Amino acid sequence: NSDSTAMAPVDIRQDAEVQTKIEGDNPFSVTHIPIRQNQEEEIAQLKTIPSQADKSIDINYLPLWLGILSLILLALQLIARRDHILLVIRTIFNNNLMRLTAYENNNGWSTAYLLGYLLFLLNLALLLFYNLQPQLAGTTVGIYFALLGVVALFFLGKHLLLSLFALLFEFTKHSAVYSFTILSFYNLMAVILVCLNLILVFGPASWVRIFTVIAVAIFIIITISRHYKGIVIARKYVDQHFFHFFLYFCAFEISPWIVLYSLSRGFI
């Protein structure tokens, strides 16, 4: 009896020491004390965590392929015009250069600008895909292409309506330059979206909301900037036909965003 009583404290200290060894901060610590059976399952679970992380990016992951496609399109754009991104930035800050570049590039109907606009549509749809996929039912590819169709209809439809409005009120020249201005700003936004989406491909899901807020903030700044550039471009027309300009601005610049916000409010 005295022997068993004396051994009890040793068993308690041994259990405490085993617990300390297993939960210690040093992963390289080695002990001769055997691991209890109920702790083997915990250790096995810890070993499975790295293997699950390795499988987080699958070869069939759609954003991965869209990222590769975006890089290919960006490379083709720079092959078509090596200084394209620098030229876009320069035209944004220089109205005379904007008009000259619009003339040289047939008001945006050139390979570099069209590839940039395509990059913008693809990556804007991808950013929306990151945010809306958990809330929408359907296949991954189906969701993305549905979003791409909506984005293309919204932005390309704007150019068509702008051209129609210009024909009705006879300011086609100003309309062409303003349409090219929109194209230039979205070419710049395309590069930003490509960078953000590539980070999200390899980043955790918790980054989606943060990078979306960053993209929205940049997009708002770009939208306000192009509105200002549009007023500067059509300054003479605004002075002479203020009512027509106000009608256009409310119908084609403000109301689409209000309608879009009303439709997407349930997903925000």
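Hi everyone. This structure holds 14 aromatic pairs, and I'd like to start with two of them. Please keep in mind throughout that we are looking at a predicted model.

The pair I'd show you to begin with is Phe120 with Phe219. Their rings are stacked, at 6.5 Å centre to centre and with 10° between the planes. Where do Phe120 and Phe219 sit along the chain? Phe120 belongs to helix H6, while Phe219 belongs to helix H9, residues 207-233, so this pair links parts that are 99 residues apart in sequence. Both Phe120 and Phe219 are buried.

Tyr144 has a relative accessibility of 1%, so it counts as buried, the limit being under 20%.

Which residues form one aromatic cluster with them? The members are Tyr117, Phe120, Phe154, Phe155, Tyr186 and Phe219.

Now let's step back to the whole chain. The secondary structure comes to 11 helices and zero strands, so if you read the elements from the N terminus you get α-α-α-α-α-α-α-α-α-α-α. There are 268 residues in the chain, and buried ones make up 36% of them. As for contacts, take those between residues at least 6 apart in sequence: 71% of these join residues at least 24 apart.

On to helix packing. Two packed helices are described by the angle between their axes and the distance between the axes. I have two examples for you.

The opening example is helix H3, residues 62-80, against helix H6, residues 111-132. Their angle is about 160° and their axes are 9 Å apart. With the cut-off for roughly antiparallel at over 145 degrees, that is why H3 counts as roughly antiparallel to H6. The crossing of H3 past H6 is left-handed. On the H3 side, the residues making the contact are Pro63, Leu66, Leu69, Ser70, Leu73, Leu74, Leu76, Gln77 and Ala80.

My other example is helix H4, residues 84-92, with H5. Here the angle is about 130° and the axes are 7 Å apart. That makes H4 oblique to H5. H4 contributes Leu87, Arg90, Thr91 and Ile92 to the contact, and H5 contributes Leu97, Met98 and Thr101. By class, the contact of H4 with H5 has four nonpolar residues, two polar and one charged.

Staying with H5, let's zoom in on Arg99. This residue lies in H5, which covers residues 95-104. Is Arg99 buried or partly exposed? Arg99 is partly exposed, at a relative accessible area of 35%. Not counting residues up to four places away in sequence, Arg99 touches Val177 and Ile233. Arg99 and Val177 are 78 residues apart in sequence, yet their C-alpha atoms are 6.4 Å apart in space.

Setting aside neighbours within four places in sequence, Thr181 is in contact with Met98, Lys229 and Ile233. How accessible is Thr181? Its relative accessibility is 0%, so Thr181 counts as buried.

Last stop: the backbone. Most residues other than glycine have a negative phi, and most peptide bonds are trans. With that in mind, have a look at the loop between H5 and H6, where you will find Asn106 and also Asn107. Asn106 has a positive phi, near 55°. For Asn107, phi is positive as well, near 60°. Asn107 has 32% relative accessibility and counts as partly exposed.

How values were computed:
Residues numbered from 1 in each chain as written. Predicted model: local features only at pLDDT ≥ 70, side-chain atom pairs only at ≥ 80, totals over all residues. Heavy atoms only, no water. Helix = DSSP H or I, 4+ residues; strand = E, 2+ residues; numbered from the N terminus. Buried < 20%, exposed > 50% of the residue type's maximum accessible area, 1.4 Å probe, protein only. Contact = heavy atoms within 4.5 Å. Axes fitted to C-alpha atoms, helices over the stretch in contact; angles between N-to-C directions. Parallel < 35°, antiparallel > 145°, perpendicular 65-115°, else oblique. Left-handed = near helix turned anticlockwise from the far one by under 90°. Phe/Tyr/Trp six-rings, centres within 6.5 Å; stacked < 30°, edge-to-face > 60°. Nonpolar A, V, L, I, M, F, W, Y, C, P; charged D, E, K, R; others polar.
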